[in-house]
Amino acid sequence: MFCQNCGSENEDNVKFCSNCGNSINTYNTYFGNITSENNEFKHSSAFGRIKTQIDSIKDQPDTSLSDDNINQLSEIINDDENILYFTSGFSAFGNDSLLLILTSKRVIVAKWGIFKPIEEKKSIPLDSINKVSSSIGIMGAEITIDYGNNSEYITDIGKESGRLFEYKINRELEKYNKNEIQIKETEKVKEIQNHNFNNNINPIENKDRYLFFKNRYVNCSSIQEIKREENTILIMTSKNVYYFKYNSEERAIDNHNKLISFITNEVFDLEDDEEK
């Protein structure tokens, strides 16, 4: 027999959990606490883990679920993802009551209701989401999720929870995209290093030249312009501008010449006879 509060397994016919002390035969429903001697609450194997995740956000708006709902939800949430936030509303194109769940991997749109079990309707991976926005109306908030060439609309969400969901998912998308960029950059660097090692090529002699500064590898082909202004060097790439300030103008000139030489292999002055 499992405890509905903490998920711990207990011996049959006990009245209180040996781990948390909760009453074994009592469980929450939409209609309050009901005691049952014959209807034992059957927990899924992930009930305790999901309940812990729900408890960690229960002080936030619209995050209350019954143990029965949590039990159903634990069948939907994968072992490698965590629930970060959820809220409820209605389908903009129907009367379905929806549960909108943000996890560390995706957004789940699920059907649910007082007399209906939670049923997954749509799963939207975070890496496929283009934009998430919310708007406030008379009846509450509306969430719009744009992904690929599709959009999902959920209406009649609590105003506070609608704004909070938009904030949380956009923050998660920002972290997710940053991690994806870092992974791709690391993989690219490893690919270059492996290529050089396998072909016994010195990176400086490689046609695809890379500079390492500001904790990043930058492909020289992305550099659009290099300028020196007194004791400062400016490197302008297709995405960023990097500044390097030196203690003296002579040191800046020396580093500027080395940088140009590294990128072009050769630096020369073009003479103009008319100036002589």
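## A residue to start from

Ile169 touches Leu102, Val107, Ile129 and Val132, leaving aside residues up to four places away in sequence; a contact here is a pair of heavy atoms within 4.5 Å. This is a predicted model, in which local features need pLDDT of at least 70 and side-chain atom pairs count only at pLDDT 80 or more, while totals for chains, interfaces and linings use all residues. Residues are numbered from 1 along each chain as its sequence is written, and side-chain values use heavy atoms, with hydrogens and water left out.

## The protein as a whole

Let's step back for a moment. The protein has four helices and 14 strands, taken as DSSP runs (H or I of at least four residues for helices, E of at least two for strands) and numbered from the N terminus. Of its 276 residues, 36% are buried, where buried means under 20% relative accessible area, exposed over 50%, and partly exposed in between, with a 1.4 Å probe and protein chains only.

The accessible surface comes to about 17,800 Å², and 45% of that belongs to carbon and sulfur atoms; the areas come from the Shrake-Rupley method with a 1.4 Å probe. Among contacts with a separation of 6 or more, 40% are between residues 24 or more positions apart.

Seven strands form an open sheet in the order 6-5-4-3-9-8-7, and their pairing is antiparallel; two strands pair if DSSP finds at least two bridges between them. Strand 6 (116–125) and strand 7 are at the edges with a single partner strand each, so one side of each has no neighbour in the sheet. From one strand to the next, the twist averages 30°, using axes fitted to C-alpha atoms (for helices, over the stretch in contact) and angles from 0 to 180 degrees between N-to-C directions.

Within this sheet, strand 3 and strand 4 run antiparallel and are joined by seven bridges. Phe86 stands opposite Ile101 in strand 4.

## Two nonpolar cores

Back to Ile169, which belongs to the largest nonpolar core, a group of 19 residues. Such a core is a set of buried Ala, Val, Leu, Ile, Met, Phe, Trp, Tyr and Cys residues joined through side-chain atoms within 4.5 Å. Leu100, Val107, Ile129, Ile145, Phe165 and Ile169 touch the most other members. Two or more residues each come from strand 4 (97–103), strand 5 (106–113), strand 7 (129–136), strand 8 (141–147), strand 9 (150–157) and helix 3 (159–198). Strand 8 gives the largest share, four residues.

A second, separate core has 18 residues, including Ile70, Ile77, Leu99 and Ala110.

## One face of helix 1

In helix 1 (residues 47–56), the buried residues are Phe47, Ile50, Lys51, Gln53 and Ile54. Seen down the helix axis, they fall within an arc of 160°, so they line one face of helix 1; the arc is that of the directions from the axis to the C-beta atoms. These buried residues pack against helix 2 (67–73) and strand 3 (83–91).

Another open sheet has three strands in the order 12-13-14, with antiparallel pairing. Its edge strands, strand 12 (223–229) and strand 14 (241–245), each pair on one side only. The twist averages 15° from one strand to the next. Five bridges join strand 13 (residues 232–237) to strand 14, and Ile235 has Tyr242 as its bridge partner in strand 14.

Helix 4 (residues 249–264) packs on this sheet, touching strand 12 and strand 13, and its direction makes about 160° with that of strand 12. His256 is found in helix 4 and, at 16% relative accessibility, counts as buried. Leaving aside residues up to four places away in sequence, His256 touches Ile226, Lys227, Arg228 and Ile233.
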